[in-house]
Amino acid sequence: MSKPINVMIADDHSMVREGIKQLLELDGDILVCEEASSGRQCIELLDENKIDVLLLDINMPELNGLQVLQNIRESKRKIKVLILTIHNEVEYLIRAVEIGVDGYVLKDSSSAVLKKAIEAVYRGETFIQPELAPIMKMKLDEKNNSSELDNSLTKREVEVLKLLAEGLFNKEIAYTLAISEKTVKNHVSNIFKKISVSDRTQAAVYAIKNNLVELY
């Protein structure tokens, strides 16, 4: 990577921030250039700095993570947002998807998974942690928010959607299906139009609702 990815960590626990910072900066590909202990401080620092990726906790004082995410999207800031979550925050996570989060990662993930997530959203991909899929499916079913699989999707589009929901990047999907990355991008674009979503995270939730993701 030619230049480090500038990251901000927004979490109200200083020990959590320090631990994440140490893990991320080990190999020099990621630079934690700012830390915020509240939602309001997070927004203020975003106005003052060039941040590529924001690691955003949901539960924070003053403004919570969802409010911060809403502010970022409404202000049209060009910043990627990764929600840091725990298993019992899935309902908040579904709301974050509706607002426009770029990905989500569990707080107890390994440093390798966290780095992969940051690099993915930085490149414009979406990072979806498979471990959350069965819990999200349960919550969506509880809300009677189920949907029927769009029968206008081709067999190939369903294959692409399934792999997208499992967290694969376009390049990985292309390799798995033995097609070009450009073809994958075209399929993804067509899928978005057919199922009426605007990003990969919403598409992944659609796949989870329709049982396209293998639940472990």
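In what order do the strands of the open sheet stand? The order is β2-β1-β3-β4-β5-β6, an open sheet of 6 strands with parallel pairing. Strands pair here if DSSP finds at least two bridges between them. β2 (30–36) and β6 (127–128) stand at the edges. Each has a single partner strand, so one side of each is left without a neighbour in the sheet.

A word on what you are looking at. This is a predicted model, in which local features need pLDDT of at least 70 and side-chain atom pairs count only at pLDDT 80 or more, while totals for chains, interfaces and linings use all residues. Residues are numbered from 1 along each chain as its sequence is written, and side-chain values use heavy atoms, with hydrogens and water left out.

Now the overall make-up. The protein has 10 helices and 6 strands. Both are DSSP runs, numbered from the N terminus: helices are H or I with at least four residues, strands are E with at least two. Of the 216 residues, 50% count as buried. Buried means under 20% relative accessible area, exposed means over 50%, and partly exposed lies in between (1.4 Å probe, protein chains only). Contact means heavy atoms within 4.5 Å. Among contacts between residues at least 6 apart in sequence, 68% join residues at least 24 apart.

Go back to the sheet and find β3 (53–57). It pairs with β4 (residues 80–85) in the parallel sense, over 5 bridges. In this pair, D57 stands opposite L84 of β4.

D52 counts as buried, because its relative accessibility is 8%. What does its side chain reach at 2.8 Å? It reaches the backbone nitrogen of N6. A polar contact of 2.9 Å also joins the side chains of D52 and K50. Such a contact is a pair of N or O atoms within 3.5 Å; within protein, one must be able to donate a hydrogen and the other to accept it, and residues adjacent in sequence count only if both atoms are side-chain atoms. Leaving aside neighbours within four places in sequence, D52 is in contact with several residues, among them K3, P4, I79 and Y122.

Next, move to helix α8 (residues 170–177). Here N170, I173, A174 and L177 are buried. Why are they on the same side of α8? They cover an arc of only 100° around the axis, which puts them there. The arc is that of the directions from the helix axis to the C-beta atoms. An α-helix has 3.6 residues a turn, so residues three or four places apart point the same way. The buried residues of α8 pack against α7 (155–165), α9 (181–195) and α10 (200–209). The face turned away from the buried side carries the exposed residues K171 and Y175.

Just after α8, A178 takes a positive phi of about 60°. K76 has a positive phi of about 60° too, although it is not a glycine. K76 lies in the loop between α3 (65–74) and β4, and it counts as exposed at 68% relative accessibility. S196, also not a glycine, has a positive phi of about 60°. Its place is in the loop between α9 and α10, and S196 is exposed, with a relative accessible area of 66%.
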